[in-house]
Amino acid sequence: MINNYIDITISMLENILDNEADYVKEAGAKVAETIENDGIIHLFGCGHSHILTEEVFYRAGGLAAIHPILHEPLMLHEGAAASSVLERKNDYAKTFMTEEDIRPGDVMIVLSTSGRNPVPIDVAEIAREKGAFIIVITSLQYSTSQKSRHTSGKRLSDTGDIVIDNGAVKGDAVLKSANFDIPFAPTSTVTGAAILQAVFAEAIEKMVNDNFTPPVFISGNIENADEHNRALVEKYTARIPLLGMNL
């Protein structure tokens with residue numbers, strides 16, 4: 001099975017390279033522009049999509065101006081099944097998004113593979129109302145195969161200024177067995193992480209070309225990295241409290 005899964009995943013990544021590269025570059029340019037103008041890159045996802053917001057947060061080789069919106073009832077550790085129920089509730093996003101410090105000129109990246117549930121859609125709409133530029137990472141195949149659960153009938157892809165397709169199939173799982181009826185082995189975390197890292201790589205290169213020093217963390221396990229990283233934390237912690245050190 002390893003060969004099948006790796007081959008399928010590589011094929012999906014190649015498809016992203018062939019068909020989504022222009023959107024990734026456009027998103028990277030917008031991220032660079034935002035950071036150069038003292039803006040913040042916010043990210044949000046429910047369930048397993050929230051994992052991708054942590055993938056790029058406080059990461060060696062990653063950008064410091066990254067703010068994951070981590071609403072715990074929509075994650076998995078307080079009740080996985082309950083988080084799925086909440087994700088389907090229209091207007092639930094207002095209970096936590098109203099207080100988020102999202103400003104004109106910021107970027108909001110919203111991730112949802114199915115693209116049909118109300119919370120990610122409402123997050124994108126609320127962030128837009130606050131003045132943010134919206135980047136969506138979703139599966140167009142999956143999303144268009146299912147009816148939206150949002151009262152407006154919108155899918156997440158309808159909310160984005162830039163929409164990047166992660167290539168996931170309907171249901172996300174890509175493997176089958178002759179003796180087992182349920183598809184297994186999802187791909188959206190792999191392709192989603194690759195897309196996000198590629199967007200930020202494009203952004204960093206753009207900043208370098210603009211003669212702007214990208215705010216990139218160094219691994220804390222490399223000698224003399226602490227001073228560099230501490231300066232970045234101090235620069236951004238006012239807008240990204242999660243970066244703070246409460247020791």
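In this predicted model, helix 2 passes helix 8 in a right-handed crossing. The axes of helix 2, which spans residues 21-36, and helix 8, which spans residues 188-209, come within 7 Å and cross at roughly 55 degrees. Angles from 65 to 115 degrees would count as roughly perpendicular and those under 35 degrees as roughly parallel, and helix 2 and helix 8 are therefore oblique to each other. On the side of helix 2, the contact is made by Val24, Lys25, Ala27, Gly28, Val31, Ala32, Ile35 and Glu36, which meet Ala198, Val199, Phe200, Glu202, Ala203, Lys206 and Met207 in helix 8. By residue class, the contact of helix 2 with helix 8 divides into 10 nonpolar residues, one polar residue and four charged residues.

The model also contains an open sheet, in which five strands are arranged in the order 2-1-3-4-5 with parallel pairing. Strand 2 (66-68) and strand 5 (162-165) form the edges, each of them pairing on one side only. On average, and with direction ignored, neighbouring strands of this sheet are turned by 20 degrees against each other.

Within the sheet, strand 1, comprising residues 41-45, pairs with strand 3, comprising residues 107-111, in the parallel sense over five bridges; Phe44, for instance, has Val110 in strand 3 as its bridge partner. Strand 1 and strand 3 are also, together with strand 4 (133-138), the strands across which helix 6 (residues 118-129) lies. Relative to strand 3, helix 6 runs at about 170 degrees, an angle that falls in the range over 145 degrees counted as roughly antiparallel.

Conventions: Residues are numbered from 1 along each chain as its sequence is written. This is a predicted model: local features need pLDDT of at least 70, side-chain atom pairs count only at pLDDT 80 or more; totals for chains, interfaces and linings use all residues. Side-chain values use heavy atoms; hydrogens and water are left out. Two strands pair if DSSP finds at least two bridges between them. Helices (H or I, at least four residues) and strands (E, at least two) are DSSP runs, numbered from the N terminus. Axes are lines fitted to C-alpha atoms, for helices over the stretch in contact, and angles run from 0 to 180 degrees between N-to-C directions. Contact means heavy atoms within 4.5 Å. A crossing is left-handed if the near helix is turned anticlockwise from the far one by less than a right angle, and right-handed if clockwise. Ala, Val, Leu, Ile, Met, Phe, Trp, Tyr, Cys and Pro count as nonpolar, Asp, Glu, Lys and Arg as charged, and the others, Gly among them, as polar.
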